[in-house]
Amino acid sequence: MCIRDRVYFCINPKDRQIVLPVQLNDSITARLGFDTGGQFVLDSMFCATHSSIKHRLFSDAQLRNGSGWANFLVTCSIYSNAPIVRVGKVSLKYDVTQIMNWKWYMNSSSEGMFNIPPNDTMHVWELNFEHNYMEIHLAQNYRMPDNSLIFPLVRKKEYPNLLYVRLPIKMECASSDTLMINRMFMIDTGMAWDIVLMQEANEFSFFNKQEDVVWTKYLNRYHRYCPVDAILADTLRMDSLRVYTFDFINRAPSNYLIGQNFLKRFNVFFDMKHQRIGFQPIPNFTRVVNPLHQRFHILVEKNRYGRWVITRVADSKDNYYKAAGLRLSLIHISEPTRLLSIS
């Protein structure tokens, strides 16, 4: 093992991206977020400063694109070529470059994002949360740590950029209610939350009915999380795991997801050659928390008559609006407002 092949990353609590230096065309350093749920995207102002990245003046196409968690999309220029991308000493091949107003859209200091290319069939990507580095190994003769839990890694034909894993997780709430989830989870390193369940998930209502559910403000919306103690694959105990539930429609291509605060309990190994993933438990898990997030109490929206009405009151003990007797408005919105959430 050569330590020089390790590329160290940092995680800013405000945007909670895994950001590391990536070399473009062997001469330009970009600070990119690593997002297994994303694609190869560069910030438009960064590309204007480094014009050689685009190779040509005009894009091949333009479309509306953005985060699966966002409540709006932005114009994205598509180029059917990509610069030479290097992480450490390993060169990566991307077929397409997307250029958009990334920093503004994501409210981030990073200059874009990258993922594991769909054409990678020869590497093991190590995401080491114990010492905060990424290292890309040749899969030939590579051996994962002996204490790793190993599961099959799945790619779906309809989503070739995305990675999935089936995980059996037994959960116990503070109420002593227990639940076994054995589902195919999408792996999203760009998502900060531990486990996310969408409305269509069968277990959605189980967690929402728990008394210790925490409501958190989320832009002009909210999400909820239920803290649980969990056992992964009948082997590994995981305390203070958070299961998040989202009431609002978004573009996330799965009803079950695991994100950064789940993965940070391990050193994670994405073995692309053998299509498997390894989780090596580590002793020093520290949750990444956004200090700007606040508790959610009420949601006020306009109805079809243009009147502001109360459409949601958080059912939580610390909600002073509920304690004061505030209730939902008698005039409700006739149809659900179909906005998207954002990370």
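Here are a few friendly notes on the structure above, from the whole fold down to one residue.

1. This is a predicted model, in which local features need pLDDT of at least 70, side-chain atom pairs count only at pLDDT 80 or more, and totals for chains, interfaces and linings use all residues. Residues are numbered from 1 along each chain as its sequence is written, and side-chain values use heavy atoms, with hydrogens and water left out.

2. Start with the secondary structure: the protein has 5 helices and 25 strands (DSSP runs, H or I of at least four residues for helices and E of at least two for strands, numbered from the N terminus). Its radius of gyration is 21 Å, close to the 20 Å that the globule rule gives for 343 residues, so the protein is as compact as a globular protein of that length. Here the radius is taken over C-alpha atoms, and the rule is 2.2 Å times the number of residues to the power 0.38.

3. Next, burial: 50% of the 343 residues count as buried, meaning under 20% relative accessible area with a 1.4 Å probe, protein chains only.

4. Now zoom in on Q98, which sits in strand β10 (residues 97-100). Is Q98 buried or exposed? Q98 counts as buried because its relative accessibility is 8%.

5. What does Q98 touch? Leaving aside neighbours within four places in sequence, its contacts include Q39, F40, N65 and C76 (contact means heavy atoms within 4.5 Å). The side chains of Q98 and Q39 are also joined by a polar contact of 2.2 Å, that is, a pair of N or O atoms within 3.5 Å; within protein, one must be able to donate a hydrogen and the other to accept it, and residues adjacent in sequence count only if both atoms are side-chain atoms.
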